[in-house]
Amino acid sequence: MTKKVIAFSGSNSSQSINQALVKIAASKLKDAEVTIISLQDYELPLYSQDLEQNEGFPDKAKELKALIVEHDALIIASPEHNGSMPAVFKNTIDWLSRMVEPMQPFFGDEKKSVLLLSTSPGPTGGKNGLAHLASLMPWWGGDVKATYSLGSFYDHFLEGKLSSGIDHELTLVVDEFVREL
């Protein structure tokens with residue numbers, strides 16, 4: 001049976017290099033049905049218990065939750081903001097986490113395989129944020145199968161493609177992820 005993979009960046013920037021990286025990684029998946037989304041299409045108000053209590057869950061949060069649940073695996077590329085994930089991604093997680101019973105995973109009833117990626121213009125490629133995200137993923141129902149951090153993005157991304165050495169590295173990581181699906 002063909003696996004369904006959802007891919008997105010933890011960024012809401014229209015110029016997100018992490019969204020570019022997630023698209024490249026997703027293009028390397030063979031024998032999988034891939035859905036690439038943007039968090040820009042799932043804009044959510046800043047989470048507040050008062051807002052949840054008074055207005056319920058936003059429709060966009062419900063849509064995103066249903067979309068994630070219907071997929072078997074996730075590819076997430078997240079920028080690093082001050083050593084962690086961006087506020088927009090954390091806010092999305094906060095909304096999704098409230099739509100399940102306490103202590104239950106919100107990526108679905110079964111753990112989902114996850115490939116975590118990060119890139120940045122600087123040399124570390126968002127490694128600290130990536131490690132933080134990887135440590136939290138099991139709480140959310142994710143089983144991290146592989147991670148990849150690409151430093152100095154603009155030195156390796158030319159004319160819409162990754163340089164051959166970096167492209168080969170990413171292909172190996174995606175192949176490892178696919179073997180674990």
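Author: A nonpolar core is a set of buried Ala, Val, Leu, Ile, Met, Phe, Trp, Tyr and Cys residues joined through side-chain atoms within 4.5 Å. The model discussed here is predicted. The largest nonpolar core in it has 24 residues, and those with the most contacts inside it include Ile75, Leu115, Leu117 and Tyr148.

Reader: Which elements supply at least two residues of this core?

Author: They are β1 (3-9), α1 (17-27), β3 (73-77), β4 (112-119), β5 (142-150) and α7 (164-180). The most comes from α1, with 6 residues.

Reader: What makes Val5 and Phe177 contacts of Ile75?

Author: Contact means heavy atoms within 4.5 Å. Leaving aside neighbours within four places in sequence, Ile75 is in contact with Val5 and Phe177, and also with residues including Val22, Leu29 and Leu115.

Reader: Why are the buried residues of α7 said to line one face?

Author: Buried means under 20% relative accessible area, and Ile166, Leu170, Val173, Val174 and Phe177 are buried in α7. Seen down the helix axis, the buried residues fall within an arc of 95°, so they line one face. The face turned away from the buried side carries the exposed residues Ser164 and Arg179.

Conventions
Residues are numbered from 1 along each chain as its sequence is written. This is a predicted model: local features need pLDDT of at least 70, side-chain atom pairs count only at pLDDT 80 or more; totals for chains, interfaces and linings use all residues. Side-chain values use heavy atoms; hydrogens and water are left out. Buried means under 20% relative accessible area, exposed over 50%, partly exposed in between (1.4 Å probe, protein chains only). Helices (H or I, at least four residues) and strands (E, at least two) are DSSP runs, numbered from the N terminus. The arc is that of the directions from the helix axis to the C-beta atoms.
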